[in-house]
Structure formats: structure tokens, C-alpha cells
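Please keep the sequence and the structure in view while reading.

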Amino acid sequence: MNRKSKPIPEPIEQLKRELDQFRSTQPRRTKLPESLWQAAVELARQHGVYSVSHPLRLDYTGLKKRLEGVPRARQK
């Protein structure tokens, strides 16, 4: 059974380009700057952890832990 892949939202595409740029200029296994992690956390809050971690090639568990450390907006 084939799954149709959803188009990646533009904010995630934009962060993907930033991550690709960072990764192309740094040695492998270099830690990501906190600003990139924070941007990923904000997107994960809006789009979900997997929807952000997969296209950005980020550690799902690491992103989820960072997201859990951030207070969620209360829904009414």
C-alpha cells in the first residue's frame, strides 16, 4: 500500500534549507545551534513532532524532549 506524501509546509521547508546550509558548512556530528532547535520546537508545536523531525532529519526523541520542556499554550 502506497502512502501519498503530503507536501511539506513552507515554514518547515525554510528551516530545512537553513539546516542543510548549516550542515554543509560544519563537520559531521557538530551540535546544532540552540536557535535552530528552538525553531524546530516551535514548528513541532504547530505541526507535530514527526512531521517536523522526519523532513528535517532531526532526532525524534530529542525534539520531543525539548518540546515537553516548553509550556504549551492553553486551549480554551
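## Basis of the model

The model is predicted: local features need pLDDT of at least 70, side-chain atom pairs count only at pLDDT 80 or more, and totals for chains, interfaces and linings use all residues. Residues are numbered from 1 along each chain as its sequence is written, and side-chain values use heavy atoms, with hydrogens and water left out.

## The nonpolar core

In soluble globular proteins, nonpolar side chains tend to be buried together. The largest nonpolar core of this model holds 17 residues. A nonpolar core is here a set of buried Ala, Val, Leu, Ile, Met, Phe, Trp, Tyr and Cys residues joined through side-chain atoms within 4.5 Å. Buried means under 20% relative accessible area, exposed means over 50%, and partly exposed lies in between (1.4 Å probe, protein chains only). The members that touch the most other members are L15, L19, L32, V52, L56, L58 and L63.

Two or more residues of this core come from each of helix 1 (10–25), helix 2 (34–47), helix 3 (49–56) and helix 4 (60–68). Helix 2 contributes the most, with 6 residues. Helices (H or I, at least four residues) are DSSP runs, numbered from the N terminus. For V52, the contacts (heavy atoms within 4.5 Å) are I12, A40, L43, A44, H47 and L63, when residues up to four places away in sequence are not counted.

S53 belongs to helix 3 and is buried, because its relative accessibility is 4%. With neighbours within four places in sequence left aside, S53 is in contact with L58, Y60 and L63.

P55 also lies in helix 3. A relative accessibility of 16% is why P55 counts as buried. Residues up to four places away in sequence aside, P55 touches I8, I12, K16 and Y50. The C-alpha atoms of P55 and E13 are separated by 8.3 Å, although the two residues are 42 residues apart along the chain.

## The second largest pocket

Rolling a probe the size of a water molecule over the atoms shows where empty space is left. The second largest pocket has a volume of about 290 Å³. On a 1 Å grid over the protein atoms alone, a pocket is an open set of points where a 1.4 Å probe fits, with protein on both sides within 12 Å along at least five of seven lines; lining residues have an atom within 4 Å of a point. Grid points are joined across faces, edges and corners, and the volume is the space filled by probe spheres set on the points.

The pocket is lined by 13 residues, of which R23, R29, T30, L32 and R57 are the closest to its centre. By class, the lining comprises 5 nonpolar, 2 polar and 6 charged residues. In this classification, Ala, Val, Leu, Ile, Met, Phe, Trp, Tyr, Cys and Pro count as nonpolar, Asp, Glu, Lys and Arg as charged, and the others, Gly among them, as polar.

## Two loop arginines

R29 is placed in the loop between helix 1 and helix 2. R29 has a positive phi of about 65 degrees although it is not a glycine, and its relative accessible area of 84% makes R29 exposed.

R57 is found in the loop between helix 3 and helix 4. R57, likewise not a glycine, has a positive phi of about 55 degrees. R57 is exposed, at 54% relative accessible area.

## Salt bridges

Side chains of opposite charge can pair when their charged atoms come close. The whole structure contains 5 salt bridges, each defined by a side-chain nitrogen of Lys or Arg within 4 Å of a carboxyl oxygen of Asp or Glu. One of them joins E10 and R17 at 2.9 Å, N to O; E10 is partly exposed at 48%, and R17 is partly exposed at 46%.

A further salt bridge pairs D20 with R57 (3.7 Å, N to O). D20 lies in helix 1 and R57 in the loop between helix 3 and helix 4, so this pair ties together parts that are 37 residues apart in sequence. D20 is partly exposed, with 30% relative accessibility. A network of salt bridges links K16, D20 and R57.

E34 and R66 also meet in a salt bridge, at 2.9 Å, N to O. Because E34 lies in helix 2 and R66 in helix 4, the pair ties together parts that are 32 residues apart in sequence. E34 is partly exposed at 45% relative accessibility, and R66 is partly exposed with a relative accessible area of 29%.
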